[in-house]
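Please consult the sequence and the structure shown here while reading.

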Amino acid sequence: MVPGRLQNERPLRDRKNPQPEPVFHLPGEAPCPAHPAHCRPPVRESGDIAGSGACKLVGPAGEVEVAEGVIAAKRHIHMTPADAAEFGVKDKDVVSVKVNTNGRALVFGDVVVRVSEKFSLAMHIDTDESNAACAVNGTMGELVK
Ligand SMILES: [Zn+2]
């Protein structure tokens, strides 16, 4: 298990079992800011947790310890089958997305396409990735194959 402690982190919520906002603690005493070198979970698609990191979550409602489940979610785009047809992609394709923010334009590679009738068109990246491109909610990107 990775030693360290995260303060004021906001882990992704489990949509099937939403919990109050927990404070995210990893066992141990070493300080562990947002993404330190000693705290690197594997990059995976959500739900692909076999063999991933362990952690202990401590929050106002109690604590829970899991033997695996700590991942950094892969960048991904949710889209409907109609969107996929329009963009010429299919479920599980890996594409790039160019973001033209003022002064910090960036091309995100390794973006997984996820197609379902239940989705609406949106790309999900983590906070560090967003900050690197000065992207905000609503920033538009260009899909590059
Ligand atoms: Zn998502």
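Which residue in β9 stands opposite H78? The residue is A122. The model is predicted: local features need pLDDT of at least 70, side-chain atom pairs count only at pLDDT 80 or more, and totals for chains, interfaces and linings use all residues. Residues are numbered from 1 along each chain as its sequence is written.

**The sheet**

Strands here are DSSP runs (E, at least two residues), numbered from the N terminus. β6 and β9 run antiparallel and are joined by three bridges; two strands pair if DSSP finds at least two bridges between them. Both belong to an open sheet of five strands with mixed pairing, in the order β9-β6-β8-β7-β10. At its edges lie β9 and β10, each of which pairs on one side only.

**The core**

The largest nonpolar core has ten residues, among them I77, F108 and I125. Such a core is a set of buried Ala, Val, Leu, Ile, Met, Phe, Trp, Tyr and Cys residues joined through C-beta atoms within 7 Å. Buried means that 20 or more other C-beta atoms lie within 10 Å of a residue's own, exposed that 12 or fewer do, and partly exposed in between, with C-beta atoms placed from the backbone. β8 gives the largest share of this core, four residues.

**Two residues and their contacts**

L121 is found in the loop between β8 and β9. L121 is partly exposed because 13 other C-beta atoms lie within 10 Å. The table leaves out neighbours up to four places away in sequence; contact means C-beta atoms, placed from the backbone, within 7 Å.

| Residue | In contact with |
|---|---|
| L121 | H78, M79 and D83 |
| F108 | R75, S96, V97, V99, I125 and E129 |

Note on methods. Two residues are in contact if their C-beta atoms, placed from the backbone, lie within 7 Å.
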